[in-house]
Amino acid sequence: ERISAIAMGSARLVVLLLSLPLGLSAAGAGIPRARATARARPTCLHPSVPGRIARLPTRTHAARDGSAQAASRRAALRGALVGIPLASAAAAGRARSEEVSFSTIEEGLEGSPLVKQGDWVLVEYVGKLKSTGQIFESTRGGLPFLNGGMAEYQPRLFQVNPNNPQPGVVQGMYDTLKGMKVGESRLVTVPPSLGYGSQRTAGMFAIIPANTELEYEIKVLRLGSDLQKMMRTTLRCGQGGQAAQNSGCRDIVPMITD
């Protein structure tokens with residue numbers, strides 16, 4: 001009789017457990033805490049906010065909550081992961097919406113191709129602080145360097161490729177050069193976001209304060225997609241050893257090489 005009573009009691013316990021709602025915890029069913037196993041929900045670092053945690057629903061939780069609630073959780077999670085990057089991208093778009101402004105000082109040569117990304121250019125330019133007119137960089141020479149010595153006339157040769165930036169060539173200069181002709185000269189105003197930004201920078205001849213608007217006068221002397229071909233027309237300007245860097249520079253006139 002005692003064995004039969006124990007068996008009946010066990011059967012009743014099994015029936016009771018099977019009839020419990022799935023959401024009821026082990027502790028609520030009267031099972032000792034030591035025998036209940038809690039399954040931790042995995043976490044991942046939020047991709048946009050360091051230290052912020054985004055919790056991922058496990059398959060067990062999704063099944064327990066039902067397909068509608070699981071779909072709601074997945075949608076909320078996608079919003080948490082995607083919303084902030086999209087907001088950041090929108091803010092970046094607003095910041096990048098600032099553009100250079102310019103006026104044409106001298107028209108380019110008739111028949112000249114337009115500068116495009118990837119081209120090589122030989123340019124002369126003067127960079128000034130917009131607010132004071134102080135020259136901080138120039139290819140025209142005649143000014144003392146910050147670190148001593150006197151600058152000579154020497155045009156600048158570089159590739160129009162902001163993905164491979166050249167020292168002293170700011171984004172605003174790349175933006176200005178695109179679309180210019182050989183022989184064309186422009187007076188350009190560059191906002192801080194397309195210049196040196198919030199960085200205090202040492203130019204060739206002066207210190208550039210942070211968040212400073214810049215002004216450039218830029219002229220294109222040579223333009224070409226073939227660097228070697230173009231260099232054959234620069235009269236050795238910028239070529240050879242240090243003593244020969246300025247050779248022939250003042251004799252260069254605007255010329256179409258392509």
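I take a nonpolar core to be a set of buried Ala, Val, Leu, Ile, Met, Phe, Trp, Tyr and Cys residues joined through side-chain atoms within 4.5 Å. Buried means under 20% relative accessible area, exposed over 50%, and partly exposed in between, with a 1.4 Å probe and protein chains only.

I note that the model is predicted, that local features need pLDDT of at least 70 and side-chain atom pairs pLDDT 80 or more, and that totals for chains, interfaces and linings use all residues. I number residues from 1 along each chain as its sequence is written, and side-chain values use heavy atoms, with hydrogens and water left out.

**Cores**

I looked up the largest nonpolar core and found 27 residues, with Val121, Phe136, Leu177, Leu214 and Tyr216 having the most contacts inside it. Two or more residues each come from strand 4 (120-129), helix 4 (171-177), strand 7 (185-190) and strand 10 (214-224). Strand 10 gives the most, with five residues. I use DSSP runs numbered from the N terminus, helices being H or I of at least four residues and strands E of at least two.

I then listed the contacts of Leu177 (heavy atoms within 4.5 Å). Leaving out residues up to four places away in sequence, Leu177 touches Val115, Val121, Val123, Phe158, Val160, Ile218 and Val220. Another core, of six residues, lies apart from the largest one and includes Leu122, Tyr153, Leu221 and Ile252.

**Disulfide**

I searched for disulfides (cysteine sulfur atoms within 2.5 Å) and found one. Cys237 and Cys249 form the link, with their sulfur atoms 1.9 Å apart. The link is right-handed, with 90° about the S-S bond. Cys237 counts as buried because its relative accessibility is 6%, and Cys249 is buried at 1%.

**Pocket**

I computed pockets on a 1 Å grid over the protein atoms alone; a pocket is an open set of points where a 1.4 Å probe fits, with protein on both sides within 12 Å along at least five of seven lines, and lining residues have an atom within 4 Å of a point. The largest pocket holds about 360 Å³ of space. Its lining has 15 residues, of which Phe145, Glu152, Gln154, Met204 and Asn246 lie nearest the centre.

**Gly118**

I located Gly118 in the loop between strand 3 (101-106) and strand 4. Gly118 is partly exposed because its relative accessible area is 28%. Not counting residues up to four places away in sequence, Gly118 touches Gln159 and Val160.

Terms used. Grid points are joined across faces, edges and corners, and a volume is the space filled by probe spheres set on the points.
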